[in-house]
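Dear colleague,

Please find below the sequence and structure that I am handing over to you. My notes on what was found follow directly after.

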Amino acid sequence: MSDSDTIAAIATAPGEGGVAIVRVSGARAFDIADAVFICHHPPPSRRPGGTFIFGKVIDSDGAILDEALLLLMRAPRSYTREDTIEIQGHGSPVVARRILQRVVSAGARVAEPGEFTKRAFLNGRLDLAQAEAVADLIRARSDRAASAAVAQLEGSLSRQINALYDALIETAANVEATLDFSDQEIPEGVLNPVIGELDRIIANLHAVLSTWNEGHLLREGATVVIAGKPNVGKSTLLNALLGRNRAIVSSQPGTTRDTIEESVVLGGYPITLIDTAGLRETDCAIELEGISRATRELAGADLCLYVVGSPYGPDDEDFRVIETIPRDKLIIIFNKADILNYYNIFANNYHSFIYTSAMTGLGLDDLRAAIIRKFDHDAPHPDHHATISTRHRSLIESAIQAVEAALIEMKKESGAIDLAAAQLREAIESLGAITGRIYHDDLLKSVFGRFCIGK
Amino acid sequence: MDACSKEYDVIVIGGGHAGYEAALASARMGCQTALICMDRNAIGRMSCNPSIGGIGKSHIVAELDALGGEMARNADYTGIQFRTLNSRKGPAVRATRIQCDKQWFPKRIQEVIRSTPNLDVIETVASEIIVSNGRAIGIRMEDGAPLRGKAIVLATGTFLSGKIHVGKSSWAGGRIGEKASYSLSECLKRLGFRMGRLKTGTPPRLHKDSLNYDKMEVQPGEQTPPFLSWDARREWEKFHVEQNGCQSAMFHVEQATDPIRPWPPGWGQMNCWITHTNERTHEIIRRNLGDSAMYGGMIEGIGVRYCPSIEDKIVKFGHHDTHHIFIEPEGRGSIEIYPNGTSNSLPENVQIDMIRSIPGLERAIFIRPGYAIEYDYSDPTQLSASLETKLIEALFMAGQINGTTGYEEAGGQGFVAGVNAARKARGEPPLIFSRNDSYLGVMIDDLVTKGVDEPYRMFTSRAEHRLVLRQDNAWIRLADRARILGIVSPERLSEYSRAQIAIEQERSRLETNFRSGISLWQWLKRPEARFDDVADEASKPSRLVAEQLEIDAKYEGYIARELAKIAKADVIEKIYIPHNIDYKSITTIKHEAREKLQRTRPETLGQAARIPGVNPADVAILAVWIERLRSADKEGVAGRP
């Protein structure tokens with residue numbers, strides 16, 4: 001049986017729901033079940049794994065806390081590979097917390113963030129990449145994100161990285177061979193295929209890296225900033241995209257002084273919409289601060305909707321802002337198209353632009369479609385379902401850097417092959433760190449620190 | 001002297017390269033030491049290739065020299081050709097190979113042993129290890145008489161149940177013409193050691209006057225011999241200052257009477273040659289594979305992948321039309337030639353046909369055929385990092401008995417085992433070498449954590465911190481260890497210190513003096529820059545110091561990164577696993593890993609992490625357990641796992 005103490009947590013998301021689950025894992029899980037749960041004979045600890053039992057959760061004084069189902073999983077046939085019970089009560093957060101308290105008073109300890117998954121990992125059920133995918137699955141905010149997380153869980157990232165890891169090991173072995181044997185001992189031209197092979201590995205690493213954009217959008221969600229001069233209808237546009245009145249709107253320029261954030265799901269992408277203060281020359285300190293925040297948001301945005309509200313199109317002041325935004329992150333909105341008679345002054349192919357009326361709903365579907373298209377474009381590999389996290393990204397980037405440095409040494413006339421070999425070892429270590437093929441204590445810590453409680 | 005009545009501190013069994021290093025180290029540390037061998041004239045014999053060094057191997061020899069071993073000096077003083085290998089592949093893999101005089105090499109070692117205080121040579125066959133209460137207390141000799149010792153080093157080479165094969169005939173023997181030892185092997189099995197079988201081989205020996213050297217490519221030594229030992233380097237430098245670079249042409253080999261210094265080191269180098277096999281050679285081998293001891297199924301032991309027999313080369317690398325054969329003289333006075341690359345176990349007549357198909361060897365006269373030898377080894381995972389066995393206290397093992405191949409690997413282990421046997425006898429804790437400080441540490445850690453499934457040979461790629469563990473800085477890396485051991489002379493130790501101080505001073509001079517806007521240190525970092533470009537005529541440092549500064553400057557970034565990694569890796573190396581840990585009870589560790597851990601019983605978490613089959617998750621669980629055991633100990637909680 002397991003050697004570790006018994007942990008418990010509320011496994012369902014906070015808030016009102018149909019059902020609230022308290023999960024308990026560890027050597028004492030069944031003892032705890034017997035203590036807190038009454039049901040028909042036999043008691044839970046004497047029932048086979050995989051059974052549901054109907055009964056009641058009772059407090060230490062015998063008072064009934066809730067009617068509940070108890071799911072019993074025997075080691076190793078559970079997520080953590082330990083004895084596990086799940087108490088499924090009615091969905092009140094208050095009741096869920098009382099059940100958790102009861103379980104703790106019966107001998108469990110409240111789990112640390114990510115501890116269930118950590119145990120699954122330590123007990124050999126998951127590799128590191130899979131464990132991270134579970135973290136993403138829990139945090140996934142839309143169906144689309146969830147399916148990418150599932151693909152990673154099934155090891156598609158692990159497979160890709162492992163294949164590259166093996167290729168790198170094989171290539172590095174050729175380099176190592178030239179170091180450990182004199183020229184006469186090894187066949188000529190052992191190094192010939194190395195440069196081509198390293199180029200190929202770099203290309204593949206870049207391909208994996210490009211899925212980061214998609215992964216990042218799906219995981220953290222995309223940030224879409226609405227910007228423009230005052231009183232062009234930015235807040236009205238926010239409300240229209242949200243489908244409810246979130247921001248105060250008025251005909252007064254400068255109504256929005258601070259940035260406003262709201263979430264919306266578009267085409268499967270979790271999106272944070274940010275409405276900003278209108279950009280203009282002003283002496284008002286509050287408005288100035290609002291404008292400087294707006295500028296900061298623009299810099300970090302995945303997409304900017306720059307709203308124009310004049311029939312003459314963007315003026316010099318608008319262009320000063322527009323030109324600071326990368327073209328592929330910009331959609332120009334000609335708003336109030338219902339009342340303004342826009343001239344075709346802006347008919348170039350250089351910028352994406354859309355005519356809308358946030359008031360009447362004109363052009364809003366076009367805008368939504370354009371936003372989704374834009375994010376689909378950032379996710380250029382429809383078959384790369386697995387997506388990578390920020391940690392993966394920095395490891396892959398350092399692997400690429402190391403392989404590139406190795407290539408430079410290899411291509412130099414007087415290049416030191418021992419340095420090239422050292423770089424290749426770095427790259428191998430970086431890739432191995434993704435799937436846990438190299439032991440590294442810090443790695444485990446950094447991976448498991450990110451988990452939310454319950455799984 | 002009546003050896004039997006005396007209790008030795010250390011008894012070393014075997015007079016090969018592991019044996020003499022062990023015995024010398026122990027005796028030089030002041031311990032009463034006995035070296036047991038069958039024939040004192042066979043001590044230090046080079047049973048295979050008459051050369052010392054090679055890539056990865058010369059790193060070990062340089063380390064031995066820094067610590068006070070004898071191998072480097074012995075090679076330098078009896079060397080007949082000196083070469084640097086990998087000179088253009090970077091300093092980390094630069095290596096030295098010394099062709100030695102096959103007669104003088106053992107002769108010199110024997111003389112060194114004869115003149116070393118505290119060291120007795122006893123000619124006998126050790127038949128049994130005497131064990132009392134789990135501790136080795138002596139050995140039983142051929143005649144049944146006991147010989148008491150506080151610590152025993154087993155360095156028996158290929159003699160344990162050795163069996164020699166030439167074609168289909170085979171006979172018992174430790175080397176050609178020498179008898180094997182069976183009872184000791186039986187004794188080890190009785191004591192509970194897991195034993196296995198390995199094989200190695202050696203080429204035929206040819207008469208030097210029967211070869212046509214015109215058909216071969218000559219391979220001369222280097223003008224300035226790259227010595228492996230501090231002493232030979234010093235002597236050469238001194239000599240060349242005094243003689244103003246003029247060679248001592250007046251010296252003749254006939255004068256070689258002093259076995260300690262038969263000739264000035266580096267003097268009168270001899271040539272080697274290169275020739276090649278051809279399709280006819282390969283055809284002869286292919287046609288007779290069935291008669292080869294190795295391919296005919298006569299040998300059960302596993303051979304060396306890295307030093308393949310010529311049969312192996314033809315079978316496994318059939319797509320190569322030709323293989324290099326190195327023609328190496330065995331010494332100044334010797335008539336024997338060692339055709340390196342033709343190791344085989346074919347019948348003698350086939351060997352003759354095969355050799356004579358090679359250009360330059362058409363009229364070769366055989367002095368001895370090549371042969372294969374199988375022998376018993378003891379699974380080295382049964383050792384701790386001190387090379388003491390985990391099963392029997394005060395019993396140490398070194399060299400081929402641990403599944404290694406090569407004089408250098410043997411000598412390295414012999415030295416470490418000798419040192420630790422001496423420390424055991426004196427009741428001191430062992431001196432452990434780690435992967436972070438030396439190739440010695442890399443080799444021993446590989447052996448005790450991973451074991452061997454073929455004869456183990458050193459490679460630079462086995463060292464993860466290769467850029468830091470260079471041959472050129474062995475004396476810096478191991479200076480502190482050398483001081484602890486006290487085998488190296490105080491004069492040399494203070495030379496180490498002076499050179500280290502000179503490096504520091506020169507470095508700060510370079511960092512604080514500028515030329516065209518950049519410091520001289522930055523200047524030296526340029527790939528084409530040499531130390532002479534930035535040298536200060538007033539305080540010109542030695543070549544040794546200049547070399548370190550050049551490498552340090554050019555590799556600074558890399559070295560800093562390696563050192564940071566070492567510091568990080570060091571954490572789990574310092575987590576010791578309690579001896580009483582019961583792996584069977586840690587059911588969360590994978591079954592396979594649990595078995596491996598139970599079998600190997602690693603000393604530290606770092607060792608555990610390197611055992612094949614133990615994955616990171618297992619190590620993480622083990623870390624948690626160690627932590628828990630320790631806190632349970634602290635709290636005095638009984639009954640907890």
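In this predicted model, E10(B) is joined to strand E19 (residues 371-378) of chain B by three bridges, and the two strands run antiparallel. Within that pairing, Ile164(B) is placed opposite Ile373(B) of E19(B). On the pairing with E11(B), strand E10 (residues 163-166) of chain B forms four bridges, again in the antiparallel sense. Two facing pairs can be named here: Val166(B) lies opposite Ser169(B) in E11(B), and Lys163(B) lies opposite Ala172(B) in E11(B). E10(B) and E11(B) make a hairpin with two residues between them, and Gly167(B) in the turn takes a positive phi of about 55°.

These strands belong to an open sheet of four strands in chain B, ordered E11-E10-E19-E12, with antiparallel pairing. Strand E11 (169-172) and strand E12 (195-202) of chain B are at the edges with a single partner strand each, so one side of each has no neighbour in the sheet. From one strand to the next, the twist averages 25°. As a general point, strands of a sheet pair through backbone hydrogen bonds, in either the parallel or the antiparallel sense.

Elsewhere in chain B, helix H2 (residues 57-67) and helix H10 (residues 407-425) pack with their axes 9 Å apart, at an angle of about 30°. H2(B) and H10(B) are therefore roughly parallel to each other, given that angles under 35 degrees count as such. The crossing of H2(B) past H10(B) is left-handed. On the H2(B) side the contact involves Lys57(B), Ile60(B), Val61(B), Leu64(B) and Leu67(B), which meet Glu408(B), Glu409(B), Gly411(B), Gly412(B) and Phe415(B) in H10(B). By class, the residues of this contact of H2(B) with H10(B) are five nonpolar, two polar and three charged.

One backbone detail of chain B may also interest you. Asn118(B), a residue other than glycine, has a positive phi, near 70°. Asn118(B) sits in the loop between helix H4 (104-114) and strand E6 (119-123) of chain B.

Turning to chain A, seven strands form an open sheet with mixed pairing, in the order E3-E4-E5-E6-E2-E1-E7. At its edges are strand E3 (37-38) and strand E7 (109-110) of chain A, each of which pairs on one side only. Strand E1 (residues 7-10) of chain A runs parallel to E7(A) and is joined to it by two bridges; in this pairing Ala8(A) is opposite Val110(A) of E7(A).

Two helices of chain A lie across strands of this chain. H1(A) lies across strand E2 (19-25), E3, strand E4 (51-58), strand E5 (64-73) and strand E6 (84-90) of chain A, and runs at about 35° to E6(A). Helix H3 (residues 115-122) of chain A lies across E1, E2 and E7 of chain A, at about 135° to E1(A).

There are cis peptide bonds to record in chain A. The bond from His41(A) to Pro42(A) is cis, with omega near -5°, and Pro42(A) is in the loop between E3 and E4 of chain A. The bond from Ala75(A) to Pro76(A) is cis as well, with omega near 0°; Pro76(A) is in the loop between E5 and E6 of chain A.

Chain A also has a helix pair to note. The axes of helix H6 (residues 156-180) and helix H13 (residues 417-435) of chain A come within 9 Å of each other and cross at roughly 160°. H6(A) and H13(A) are therefore roughly antiparallel to each other, the term being used for angles over 145 degrees. H6(A) passes H13(A) in a left-handed crossing. The residues of the contact of H6(A) with H13(A) comprise 16 nonpolar, five polar and three charged.

Finally, a word on confidence in chain A. Its mean pLDDT is 77, with 74% of its residues reaching 70 or more. Among the elements of chain A, the highest mean pLDDT, 95, belongs to helix H1 (residues 29-36), and the lowest, 44, to helix H14 (residues 441-448). Residues 380-385 of chain A stay under 50 in pLDDT, and the model has nine contacts for them beyond four places in sequence. The pLDDT is also below 50 over residues 439-455 of chain A, a stretch with 54 contacts in the model beyond near neighbours in sequence.

With kind regards

How values were computed:
Residues numbered from 1 in each chain as written. Chains lettered and ligands numbered in written order. Predicted model: local features only at pLDDT ≥ 70, side-chain atom pairs only at ≥ 80, totals over all residues. Heavy atoms only, no water. Axes fitted to C-alpha atoms, helices over the stretch in contact; angles between N-to-C directions. Parallel < 35°, antiparallel > 145°, perpendicular 65-115°, else oblique. Left-handed = near helix turned anticlockwise from the far one by under 90°. Nonpolar A, V, L, I, M, F, W, Y, C, P; charged D, E, K, R; others polar. pLDDT = per-residue confidence, 0-100. Contact = heavy atoms within 4.5 Å. Pairing = 2+ DSSP bridges.
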